Amino acid sequence: MSDPKALTDDEWRERLTPDQYHVLREAGTERAFTGQYDEHFEAGSYRCAGCGELLFESDAKYGSGCGWPAFTRPAQSDAVEERRDISHGMIRTEVLCNKCGGHLGHVFPDGPPDQGGIRYCINSLSLDFEEKE
Ligand code: FE
(Lines give C-alpha, C1' and ligand atoms only; values in the text may rest on other atoms or scores of the structure.)
Protein backbone atom coordinates (compact mmCIF):
# COMPACT_ATOMS: atom_id res chain seq x y z
CA MET A 1 0.00 0.00 0.00
CA SER A 2 1.55 3.31 -1.05
CA ASP A 3 -0.07 5.81 1.29
CA PRO A 4 -2.77 4.44 3.60
CA LYS A 5 -3.50 7.97 4.80
CA ALA A 6 -5.01 8.59 1.35
CA LEU A 7 -7.65 5.85 1.73
CA THR A 8 -11.23 7.05 1.76
CA ASP A 9 -13.69 6.21 4.49
CA ASP A 10 -15.45 3.74 2.18
CA GLU A 11 -12.15 2.01 1.48
CA TRP A 12 -11.47 1.66 5.21
CA ARG A 13 -14.92 0.16 5.71
CA GLU A 14 -14.14 -2.42 3.03
CA ARG A 15 -10.74 -3.32 4.49
CA LEU A 16 -11.73 -3.62 8.14
CA THR A 17 -14.32 -5.53 10.12
CA PRO A 18 -16.95 -3.30 11.77
CA ASP A 19 -15.24 -3.78 15.16
CA GLN A 20 -11.80 -2.93 13.75
CA TYR A 21 -13.26 0.10 11.97
CA HIS A 22 -14.80 1.36 15.20
CA VAL A 23 -11.49 1.21 17.07
CA LEU A 24 -9.05 2.21 14.32
CA ARG A 25 -11.10 4.84 12.52
CA GLU A 26 -13.46 6.10 15.25
CA ALA A 27 -11.07 5.87 18.22
CA GLY A 28 -13.25 3.28 19.89
CA THR A 29 -12.14 1.00 22.71
CA GLU A 30 -12.74 -2.74 22.92
CA ARG A 31 -14.22 -3.92 26.20
CA ALA A 32 -11.57 -4.71 28.82
CA PHE A 33 -10.47 -8.36 29.06
CA THR A 34 -12.16 -9.29 25.76
CA GLY A 35 -9.39 -8.74 23.21
CA GLN A 36 -7.66 -11.70 21.60
CA TYR A 37 -4.18 -10.43 22.52
CA ASP A 38 -4.86 -9.35 26.10
CA GLU A 39 -3.50 -12.57 27.62
CA HIS A 40 -1.37 -13.49 24.61
CA PHE A 41 2.36 -13.89 25.20
CA GLU A 42 3.70 -15.76 22.16
CA ALA A 43 6.97 -14.62 20.60
CA GLY A 44 6.48 -12.49 17.53
CA SER A 45 5.48 -9.14 16.12
CA TYR A 46 2.33 -7.06 16.34
CA ARG A 47 1.43 -5.19 13.17
CA CYS A 48 -1.17 -2.52 12.53
CA ALA A 49 -4.48 -4.17 11.60
CA GLY A 50 -5.12 -1.18 9.33
CA CYS A 51 -1.96 -0.97 7.25
CA GLY A 52 0.39 -3.79 8.29
CA GLU A 53 3.10 -1.56 9.74
CA LEU A 54 5.25 -3.16 12.45
CA LEU A 55 4.18 -1.52 15.73
CA PHE A 56 5.25 -3.64 18.69
CA GLU A 57 7.42 -6.67 19.44
CA SER A 58 6.48 -9.37 21.93
CA ASP A 59 9.58 -8.71 24.05
CA ALA A 60 8.03 -5.35 25.05
CA LYS A 61 4.68 -6.94 26.00
CA TYR A 62 3.88 -7.56 29.63
CA GLY A 63 0.92 -8.61 31.78
CA SER A 64 -0.33 -5.34 33.18
CA GLY A 65 -3.67 -6.77 34.32
CA CYS A 66 -5.43 -3.73 32.86
CA GLY A 67 -7.53 -5.72 30.38
CA TRP A 68 -5.78 -4.71 27.16
CA PRO A 69 -2.45 -5.62 25.58
CA ALA A 70 0.28 -3.59 27.28
CA PHE A 71 3.71 -2.76 25.90
CA THR A 72 6.63 -0.86 27.37
CA ARG A 73 7.75 0.62 24.03
CA PRO A 74 6.99 0.59 20.30
CA ALA A 75 9.07 -1.45 17.86
CA GLN A 76 10.59 1.79 16.52
CA SER A 77 10.23 5.21 18.08
CA ASP A 78 8.61 6.56 14.91
CA ALA A 79 6.17 3.64 14.48
CA VAL A 80 3.55 5.43 16.56
CA GLU A 81 2.38 8.99 16.95
CA GLU A 82 1.28 10.37 20.30
CA ARG A 83 -1.37 13.06 20.58
CA ARG A 84 -3.09 14.82 23.47
CA ASP A 85 -6.66 13.58 23.91
CA ILE A 86 -9.14 15.48 26.07
CA SER A 87 -12.22 13.39 25.16
CA HIS A 88 -14.47 11.70 27.75
CA GLY A 89 -13.56 14.23 30.44
CA MET A 90 -10.01 12.93 30.80
CA ILE A 91 -6.62 14.22 29.78
CA ARG A 92 -4.86 11.32 28.10
CA THR A 93 -2.29 10.70 25.42
CA GLU A 94 -3.66 8.91 22.39
CA VAL A 95 -1.44 6.52 20.44
CA LEU A 96 -1.89 6.26 16.67
CA CYS A 97 -0.22 4.32 13.88
CA ASN A 98 2.19 6.74 12.27
CA LYS A 99 1.71 5.23 8.84
CA CYS A 100 -2.10 5.11 8.50
CA GLY A 101 -3.26 7.34 11.35
CA GLY A 102 -5.32 4.52 12.87
CA HIS A 103 -6.21 4.76 16.55
CA LEU A 104 -4.35 2.17 18.63
CA GLY A 105 -4.99 3.11 22.26
CA HIS A 106 -3.49 5.36 24.91
CA VAL A 107 -0.21 5.68 26.76
CA PHE A 108 -0.02 5.97 30.55
CA PRO A 109 2.88 6.70 32.93
CA ASP A 110 2.33 3.57 35.03
CA GLY A 111 4.45 0.99 33.21
CA PRO A 112 7.17 -1.14 34.82
CA PRO A 113 9.61 1.32 36.47
CA ASP A 114 12.67 -0.72 35.44
CA GLN A 115 11.59 -0.62 31.78
CA GLY A 116 10.91 3.05 31.34
CA GLY A 117 7.72 3.42 33.38
CA ILE A 118 5.44 3.75 30.35
CA ARG A 119 2.44 1.58 29.47
CA TYR A 120 1.25 1.53 25.89
CA CYS A 121 -2.33 0.33 26.36
CA ILE A 122 -3.37 -0.98 22.95
CA ASN A 123 -6.58 -2.47 21.60
CA SER A 124 -6.25 -6.04 20.30
CA LEU A 125 -8.54 -5.01 17.45
CA SER A 126 -5.88 -2.59 16.20
CA LEU A 127 -3.27 -5.35 15.98
CA ASP A 128 -2.43 -8.40 13.87
CA PHE A 129 0.00 -10.85 15.42
CA GLU A 130 2.74 -12.45 13.38
CA GLU A 131 4.39 -15.45 15.04
CA LYS A 132 8.16 -15.58 15.14
CA GLU A 133 9.47 -18.32 12.86
FE1 FE B 1 -1.47 1.55 10.43
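**Exercise 1.** Does Y46 count as buried or exposed, and at what relative accessibility?

*Solution.* The model examined here is predicted. Step one is to take the relative accessibility of Y46, which is 0%. Step two is to apply the cut-off: a residue under 20% is buried. Y46 therefore counts as buried.

**Exercise 2.** Determine how many aromatic pairs the model holds, and classify the pair formed by Y46 and F129.

*Solution.* Ring centres must lie within 6.5 Å to pair, and by this rule there are 6 aromatic pairs. For Y46 and F129, the distance is 4.9 Å centre to centre, with 55° between the planes. This angle makes the pair tilted. Next, locate the partners: Y46 belongs to strand β1 (residues 44-48) and F129 to strand β9 (residues 127-131). The pair thus links distant parts of the chain, 83 residues apart.

**Exercise 3.** Classify the pair of F56 and F71, and state which strands it ties together.

*Solution.* The ring centres of F56 and F71 are 4.3 Å apart, and the planes meet at 15°. Planes under 30 degrees apart count as stacked, so F56 and F71 form a stacked pair. F56 lies in strand β2 (residues 54-57), whereas F71 lies in strand β4 (residues 70-71). Because of these positions, the pair ties together parts that are 15 residues apart in sequence. Both F56 and F71 are buried.

Notes. Residues numbered from 1 in each chain as written. Predicted model: local features only at pLDDT ≥ 70, side-chain atom pairs only at ≥ 80, totals over all residues. Heavy atoms only, no water. Phe/Tyr/Trp six-rings, centres within 6.5 Å; stacked < 30°, edge-to-face > 60°. Helix = DSSP H or I, 4+ residues; strand = E, 2+ residues; numbered from the N terminus. Buried < 20%, exposed > 50% of the residue type's maximum accessible area, 1.4 Å probe, protein only.
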